[in-house]
Amino acid sequence: SLISGNGTWTQSSTQAQAGTYSGKIDSAAGLDVVKQTTVFDNIYRSTQVTFTCYVYQGVASDADIGLEDDVGTTWSSKSTTTGSWVQLTVNRTIDAAATFIKLNLRNNAAGGGAITYYDTAATTGAASTAGNYIRYIDYNSALYLARGTSLLKYTGSGNWVHVVSFNSTITDMAVLGAQLFVAIGFASFMWYCEASDDTWWTQATTANNKAQFFSSLDGTLWYNDSAYQIRNITSANGAASAQTTVGLTTTTITGLVNHSGLLHIMKTDQPYQRASGGGVSAILPEAISETSSTSGVNPLSFKGNLYIQTGTQGLWRWGSATDIESVTPAKLAVAESDFGGQILAMANDSEYLFAVVDNTTKVEVLSMREETIDGDTDWRWHPLAELTFSTCNHAWVSTMGSKRLWLCGATGDTPTFYYLPANYADPTTDTTYNRNTSGL
């Protein structure tokens, strides 16, 4: 509606950029402004919004557009084009405490009597261009990647596209039923999308629906809502269970994982298991001597074993209370400094466990499985690649597009992938690979 000025705002068929009609401001005696209040959600706070609209003017620089929130309005530049349609664009980072967004159309004719037309207006949210890449997840036939406050999506071809931005940095993601859940730290309520639909998001409001890490297990979403306590819900915005304290109150949870149908909780000193009856107990006291702020980050359940990284380079295979061994790459490649760093991330396909090892300004990508060579069965590591990454925050195997091992790291480490065989029995039939047909 026309908010300021003495002109009129009407539908017009005189000019149309698309379709039959456009909006017309007929200025009577000077500046006129039309404002449209959008449907607002807190998810837009601290997000860069782009507003575009085509304008048609008879006098240069009469028309412009603006984006408004509680704090102020950002106006687009004006165009000198007359007698034809031109698209104007304006960007504004919405205030962190905003309660509304308004789209403004303005006729700046100083003396009145000028007519401006407006058509094909659109708004979009911008992906975060800063912040670390955090983690991947497969959901609803697409691969999702969290970066800073933004959620990105890859559908198997083309580029990553922006899905939505949140009001705090993403800390984890999980799927429960047909919904994707996003954690933004245990000081903030979690977000979730509609069933099989990432176009509409809701922030939880039920008490204690705040999370740092997730693990989905048999229709229950487990999460930590403090540095040492866990809860669960069974539906979006559902009633949260009572808190369970895990280990010492002076050590910190670094991850949650579903292993063999039970919740396992990683902490900076050692990992814990929640039994089916609800009791929580430590499972690897050997790790206490390797206590570190990063111990337990990115645990992996693979072929009946739980793999846990600890300290500056340790990696443990935990099968049961009586089946524990170290499979640290550095111990099996003595004096090979390339493989002596911390295990940053792990992933797996049907055949191999993949580990990403820190090597200062690079990372080493390794694969491991149990193999029998000359009658000797043991865990064997194989180097796959060396990448220029300052760190690796997550590794993930996805078949989106083709089967690949995906890696992501710090803000300057472009997400990348390593092709994996779709068919280990006969890799020569795999069309994602290029290979020599003869020679070396």
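Which residues line the largest cavity? In this predicted model, numbered from 1 along each chain as its sequence is written, local features need pLDDT of at least 70 and side-chain atom pairs count only at pLDDT 80 or more, whereas totals for chains, interfaces and linings use all residues. Side-chain values use heavy atoms, with hydrogens and water left out.

The largest cavity is lined by Met266, Lys267, Asp269, Gln270, Pro271, Ala287, Ser295, Gly296, Ile308, Gln309 and Thr310. On a 1 Å grid over the protein atoms alone, a cavity is a set of points where a 1.4 Å probe fits but cannot get out, a pocket is an open set with protein on both sides within 12 Å along at least five of seven lines, and lining residues have an atom within 4 Å of a point. Grid points are joined across faces, edges and corners, and a volume is the space filled by probe spheres set on the points. One cavity of 30 Å³ or more is counted by this rule, and the largest cavity holds about 40 Å³ of space. Strands β26 (262-267) and β30 (305-310) each supply at least two residues of its lining, with β30 giving the most, three residues. Strands (E, at least two residues) are DSSP runs, numbered from the N terminus. Four nonpolar, five polar and two charged residues make up the lining of the largest cavity; Ala, Val, Leu, Ile, Met, Phe, Trp, Tyr, Cys and Pro count as nonpolar, Asp, Glu, Lys and Arg as charged, and the others, Gly among them, as polar.

At least two lining residues come from each of β11, β15 (172-176), β21 (214-217), β25 (253-259), β29 (300-302), β33 (343-348) and β37 (394-398). Strand β11 gives the most to the lining of the largest pocket, with six residues. By class, this lining divides into 23 nonpolar, 18 polar and three charged residues.

Strand β11 (residues 133-139) also contains Tyr139. Tyr139 counts as buried because its relative accessibility is 5%, the limit for this class being under 20% relative accessible area (1.4 Å probe, protein chains only). Contacts of Tyr139 (heavy atoms within 4.5 Å), not counting residues up to four places away in sequence, are made with Tyr144, Val175, Ala178, Gln179, Leu180, Cys193, Glu194, Ala195, Ser196 and Asp197. A polar atom of the Tyr139 side chain lies 2.7 Å from the backbone oxygen of Ala178. Between Tyr139 and Ala174, 35 residues apart in sequence, the C-alpha to C-alpha distance is 9.0 Å.

The second largest pocket has a volume of about 440 Å³. Among the 20 residues of its lining, Ile43, Tyr44, Thr124, Gly125 and Val164 are the closest to its centre. Strands β10, β14 (161-165) and β19 (197-203) each contribute at least two lining residues, and the lining consists of 10 nonpolar, eight polar and two charged residues.

Strand β10 (residues 115-125) pairs in the antiparallel sense with β3 (residues 22-26) over four bridges, pairing being assigned if DSSP finds at least two bridges between two strands. Within this pair, Ile115 is the bridge partner of Asp26. Strand β5 (residues 48-57) also runs antiparallel to β10 and is joined to it by eight bridges, with Tyr54 standing opposite Asp119.

How values were computed: Buried means under 20% relative accessible area, exposed over 50%, partly exposed in between (1.4 Å probe, protein chains only). A polar contact is a pair of N or O atoms within 3.5 Å; within protein, one must be able to donate a hydrogen and the other to accept it, and residues adjacent in sequence count only if both atoms are side-chain atoms.
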